[in-house]
Amino acid sequence: MVLSPDPVLLCRIFFTLGTAVDLGGIFIPSFRENIMNYGSRKDVKEKRDEDQHNFARFIRYLATFQVPHSWFTHYYLVSVASSIFWAVQAYSNGPTFTFLASSSEPKSATVTLNHVLLAWAMMTAQGIRRLYESLVFAKPSQAQMWIGLWIIGMAYYIFMGVAVWIEGIDTLRESQSSGNLLGALDFSMPAAKTTTAIALFSLSSIAQFICHKHLASLKKYSLPQHLFFRSVVCPHYTSECLIYVAIATMAAPQGYVLNRSVLAGLGFVGSNLGVTADSTKKWYSAKFGPKSMEDRWRMVPYVY
């Protein structure tokens, strides 16, 4: 019996609302400048006559509630903690896992146990690597960001920590009923979908690591020169999106190409990074001249 809203639906609703908020950065310049932009991008301003409007003043008031930009690290702490928490809950059939299982509606198509565990492993690896990078590559900075972004970012990783496995909850329950969750794994030759997802995840993770290492090596607010940045302003954002495409592929229910819950999360990530990439390109153009941005795409080559 379903005791509360289906957790799959809740994940998708959260990601959809997050995407809608991100799109506000496209259609409402004052929202982008005061809420979504941080660090060097705070300097990006668009000419307009709305500064005295009540809404614009309200947005500027909200933006006064700031936290250090270094608190980005909390996102990845939450991500790793979430992955560990759900692994323990699923393996031990803990109370929180049981609650979600009782709240989940029966699925017409589920995810195999192998793919559930591999999708979880990918999300865990992503969280651990990003936590490492935020601790090792980060430089001391006085930059700040809106407190709402900090809260929403942590909420995102909480929901994504569920989204990567929740559509396979029926499989997990069936495997638990056998008394040996790990014993139900299939060690036969992996399917093409599995190898494709692993390859895409690995290559995208390596590319993102290289990008972050290069950015960390630069003098503050200088123009990246690495090969990956030659035609794309923010290739690390491109890599981030491809990582979630890989996870969505791995976590796809049987008969589906992509996991729709993770895909909704990708919409949230992609819209957020797309707005930030646009602000980054404008900042580079203002600081280094428009010619420095010629023939450079913001995030997706030949598209955006």
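A search of the whole structure turns up 0 disulfides, a disulfide being a pair of cysteine sulfur atoms within 2.5 Å. Keep in mind that this is a predicted model, where local features need pLDDT of at least 70, side-chain atom pairs count only at pLDDT 80 or more, and totals for chains, interfaces and linings use all residues. Residues are numbered from 1 along each chain as its sequence is written, and side-chain values use heavy atoms, with hydrogens and water left out.

Let's start with two of the cysteines. The sulfur of C211 has its closest cysteine sulfur in C234, and because that is 9.5 Å away, it's too far for a bond.

On to charges. Side chains of opposite charge can pair when their charged atoms come close. The rule used here asks for a side-chain nitrogen of Lys or Arg within 4 Å of a carboxyl oxygen of Asp or Glu, and by that rule the count comes to 6 salt bridges.

Look at D278 for a residue with two such partners, K282 and R298. With K282, the N to O distance is 3.2 Å. Both of these residues sit in helix α11 (residues 260-288), 4 residues apart, or about one turn of the helix. Helices are DSSP runs (H or I, at least four residues), just as strands are (E, at least two), and they are numbered from the N terminus. K282 is partly exposed at 33% relative accessibility, whereas D278 is buried at 7%. In the salt bridge between D278 and R298, the closest N and O atoms are 2.7 Å apart. This pair links distant parts of the chain, since D278 is in helix α11 while R298 lies in the segment after α11, 20 residues apart. R298 is partly exposed, at 26% relative accessibility.

Salt bridges with shared partners also join R129, R130 and E133 into one network. Within it, E133 and R130 bring their closest N and O atoms to 2.7 Å. They are 3 residues apart in helix α6 (residues 113-136), so about one helical turn separates them. E133 is buried at 2% relative accessibility, and R130 counts as buried at 13%.

Helix α6 turns up again in the second largest pocket, where it gives the most to the lining, with 4 residues. That pocket holds about 280 Å³ of space. Of its 14 lining residues, the closest to the centre are N114, H115, D186, P190 and T194. The elements that give two or more residues to the lining are α6 and α9 (192-217). A pocket here is an open set of points on a 1 Å grid over the protein atoms alone, with protein on both sides within 12 Å along at least five of seven lines, and lining residues have an atom within 4 Å of a point.

Finally, the surface. L9, L10, I13 and L17 form a nonpolar patch there, with about 360 Å² of accessible area together. Patch residues have over 30% relative accessible area and no salt bridge, with nonpolar side chains (Val, Leu, Ile, Met, Phe, Trp, Tyr) joined within 5 Å and like charges within 9 Å. L10 belongs to helix α1 (residues 7-27) and is partly exposed at 38%.

Technical notes:
Accessible areas come from the Shrake-Rupley method with a 1.4 Å probe; for residues, only the protein chains shown count as cover. Buried means under 20% relative accessible area, exposed over 50%, partly exposed in between (1.4 Å probe, protein chains only). On a 1 Å grid over the protein atoms alone, a cavity is a set of points where a 1.4 Å probe fits but cannot get out, and a pocket is an open set with protein on both sides within 12 Å along at least five of seven lines; lining residues have an atom within 4 Å of a point. Grid points are joined across faces, edges and corners, and a volume is the space filled by probe spheres set on the points.
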